[in-house]
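Q: I would like to learn how to read a structure like this one. Can we go through it feature by feature?

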Amino acid sequence: MSNKEMVDIYILGKKYTVPASLTIMDSMEYAGYQLKRGCGCRAGFCGACATIYRIKGEKELKVSLACQTKVEDGMYLTQIPFFPGDKKIYDINKLEANADTMAQLYPEIYSCIGCNSCTKGCPQDLNVMQYIAYAQRGELEKCAEESFNCVMCGICASRCPAGITHYQVGILARRLNGKYIAPPTEHLHKRVAEIQEGKHDASLKELMSKNTDELKELYNSRDIEK
Amino acid sequence: MYTAQIRELIKKVEATRSARLGSDFPRMTPEQREEVLKEYHPDYKEKGFRKLRIGVNQGDKVPLELADVLEVKSRLGNIELDLNKVHYDVDVLIIGGGGAGASAALEAHQKGANVLIATKLRFGDANTMMAQGGIQAADKPEDSPAQHYLDVMGGGHYSNKKELVQALVKDAPDVIKWLNDLGMMFDKEEDGTMVTTHGGGTSRKRMHAAADYTGAEIMRVLRDEVLNREIPVVEFSPAVELILDSDGKAAGAVLYNVETEEYLIAKAKTVIIATGGAGRLHYQGFPTSNHYGATADGLVMGYRAGAELIFADTIQYHPTGAAFPPQIFGSLVTEKVRSLGATPINSEGEQFVFHLETRDVEASAIIRECLGNNKGIETPTGVKCVWLDTPLIEMMHGEGTIEKRLPAMYTMYKKVGIDMRKDPILIYPTLHYQNGGLLIDEHGQTKIENLYVAGEAAGGIHGRNRLMGNSLLDILVYGRRAGTHAGQKSKDVEVKELKLDHVNAYHQSMEENGIQTDETSPMILPHYTHGRE
Ligand SMILES: Cc1cc2nc3c(=O)[nH]c(=O)nc-3n(C[C@H](O)[C@H](O)[C@H](O)COP(=O)(O)OP(=O)(O)OC[C@H]3O[C@@H](n4cnc5c(N)ncnc54)[C@H](O)[C@@H]3O)c2cc1C
Ligand code: FES
């Protein structure tokens, strides 16, 4: 970091001066924190680091992932280390992939008032309100596709006036889609059966009996699928 | 956002692009591979390693940073603990809530065992969540478990434990089926055929994926299922030491509540270590792609208890870590970017290595291009690196491919103002994976009775080098195997008196070997200051 431009940020209201090139997460560490909560993958995949902030002088509250967002001058911030979302318990084997299932497990989706706060808050740029609409209508495949990049950070749910836990609706839709709606894979079932019947035992046993030189020979001359 | 200076350099890549498109760059010969590994792979750098002075692997070399956490005192050294004050009493204790831990929990629960998962961060804050590229399994007609076996052995330079490889490739199709039945959304054709691609070192296209959120999709589904089965999970409660009983068998662990700073005793009939990798030890100063909790805790606890390490000196540096901009430094650029056709390019706009060599070879070739041939690019922050020519992907597979098949990558770069569909990206190897770990058998058992290891903490399966897509596979194959076996076995175990004698013995041995230190381990959480003085 050669040209160190610095900015002032306020972590839980306390002022710290940090390099402008840092993410919110790194800036907290620069300020002296050893993170316990609010830090998982550090790469935008796990949703551990939801953060709420406001820039000095502005009205709007913003939400983002601390590991994916650079600090800005005058940022007042706090993390949302835990969100008490509602997850329903179910047996995936006993469900049907339709709107009734959604209505039974997450009836609050029908209380959506269309404020779009969920979508505005999503750090993954998902159209959250849209995927909830798909869930309401039982269009589970669309709900699954639309919610696919969800990191379950909870920001959407934290802003919802209707008390919807969107990300739990999303995962239910995805699991129903993967299990019941997506086409079954014939070649997979066939191979699993072959293995159970012992059809691949002999070829594996033969390879296992080879010494390193023999294996090397086979490896170096193996044909490679185009 | 690229600076004007970098923009200027991109022109050289653009100038050669159309000529490179469709031309085959030759793979290295076996001799060329040996040579580049010897000269440029960090594992061959003697100064990065030292020999262990105590324990089962006394005399074996391991990375300095690992030795530094193995050869120090237990965190429990000066702490008074009443081992009879048991807070959790279960059949199977699973340490670590990643993919290996979750799959072990499901199978042990299936066997009727009373299971507890104790994990360091939140359930699912784990390397598994970050895996993008895919998972291997030989389930297509033109492929076979034997073909898969050959690839694994060749990739591992024939050092792998054969029985472990056999179990890996044989269980693989069933793992995919298991995930599919749990509702994982695999990439499929309309007729249900799996969309599969090559990975470095594969001879068949057997990489299954869920876009480039493969690990996240696996983790989300497994976590949801563990919660549905109401298996208890305690978060922010890492294990800091194993507990053995008076017969020397594994019998639980001491957990540390990082918030209340209390130590809690978890008693169990069988124990599964599923704590994952060690990227956050930053071997040889490399940045890492790993999650925040990857600090080799499982290796430390297991080693103190007498479990054996294997191949702990072999580390996987992923060829393509992000080198620019600094916010994403070290983050992974999934191998799938190369599987889909992007190739490494030097400062002159030339390709210098086949894009799908095994990872160790590919990474070494990139290091050679920068340090040996001096044909790297230097970023404004002084990092040497090379290009990965991503626009090739859409020229080969059509517009929209990147957004559809690599949404996580596309989003990561978009957030930092780079459009990888139009511009190449800058990459350099990043510390990615520990190839070795604690030695296991086909059931995930160590030589300490009732102690199992699964996932990245285990060693032997991949030998000295793992191929992409075989780790997500192994954590599930061995997570399930360990869970099943430990769940079953727990029915016949009677735990004797709980002891930490092995810790005292380890301290004693340190003293006898003249090792003096006040440092303690496991590390639990890394400490970063980002250059603050
Ligand atoms: C960025 C990235 C991309 C990858 N891509 C691929 C890929 O495409 N294909 C592939 O096959 N592999 C890939 N890998 C490798 C693969 O994802 C990992 O090796 C694998 O997921 C490890 O699973 P695990 O369950 O063993 O460990 P993890 O998933 O890391 O889980 C370990 C868990 O244990 C916890 N823990 C650690 N210490 C303690 C303690 N003391 N007490 C309690 N809990 C503890 C951790 O916090 C974590 O939650 C990738 C890895 C990374 C980092
Ligand atoms: S730490 Fe995982 S998303 Fe930020």
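Q: Which residues lie nearest the centre of the largest pocket, and how many line it?
A: First, the ground rules. This is a predicted model, in which local features need pLDDT of at least 70 and side-chain atom pairs count only at pLDDT 80 or more, while totals for chains, interfaces and linings use all residues. Residues are numbered from 1 along each chain as its sequence is written, chains are lettered from A and ligands numbered from 1 in the order in which they are written, and side-chain values use heavy atoms, with hydrogens and water left out.
A: Now the general idea. A pocket is an open set of points on a 1 Å grid over the protein atoms alone, where a 1.4 Å probe fits, with protein on both sides within 12 Å along at least five of seven lines; lining residues have an atom within 4 Å of a point. Here, 45 residues line the largest pocket. Nearest its centre are Phe286(B), Pro287(B), Thr288(B), Phe329(B) and Gly330(B).

Q: How much space lies in the largest pocket?
A: A volume is the space filled by probe spheres set on the points, which are joined across faces, edges and corners. For the largest pocket that is about 1000 Å³.

Q: Which helices and strands each supply at least two residues of the lining?
A: Helices (H or I, at least four residues) and strands (E, at least two) are DSSP runs, numbered from the N terminus. Chain A gives helix H1 (24–30). Chain B gives helix H2 (30–40), strand E14 (315–322), helix H11 (359–372) and strand E18 (425–434). The largest share, three residues, comes from H2(B).

Q: How many residues of the lining are nonpolar, polar and charged?
A: Ala, Val, Leu, Ile, Met, Phe, Trp, Tyr, Cys and Pro count as nonpolar; Asp, Glu, Lys and Arg as charged; the others, Gly among them, as polar. The lining has 23 nonpolar, 15 polar and seven charged residues.

Q: How many residues of chain B are in contact with chain A?
A: Contact means heavy atoms within 4.5 Å. By that rule, 91 residues of chain B touch 74 residues of chain A.

Q: What area do chain B and chain A bury between them?
A: Buried area is the accessible area (1.4 Å probe) that two parts lose on being put together, summed over both. For these chains it is about 7400 Å², with 56% on carbon and sulfur atoms. On the chain B side, Tyr158(B), Met185(B) and His530(B) lose the most area to chain A, together 10% of what that side buries.

Q: How many salt bridges are there between chain B and chain A?
A: A salt bridge is a side-chain nitrogen of Lys or Arg within 4 Å of a carboxyl oxygen of Asp or Glu. The count between the two chains is 11. Over all chains, the structure holds 55. Asp125(A) pairs with Lys414(B), with the closest N and O atoms 3.8 Å apart. Glu259(B) and Arg37(A) form another salt bridge, at 2.2 Å from N to O. Glu259(B) sits in the loop between strand E11 (250–257) and strand E12 (262–273) of chain B, and Arg37(A) in the loop between H1 and strand E3 (50–55) of chain A, so the pair joins two chains.

Q: Where are the cis peptide bonds, and which residue has a positive phi?
A: Most residues other than glycine have a negative phi, and most peptide bonds are trans. The bond from Phe324(B) to Pro325(B) is cis, with omega near -10 degrees. Pro325(B) lies in the loop between E14 and helix H10 (336–339) of chain B. Ser521(B) and Pro522(B) are also joined by a cis peptide bond, with omega about 0 degrees. Ala296(B), a residue other than glycine, has a positive phi near 65 degrees.
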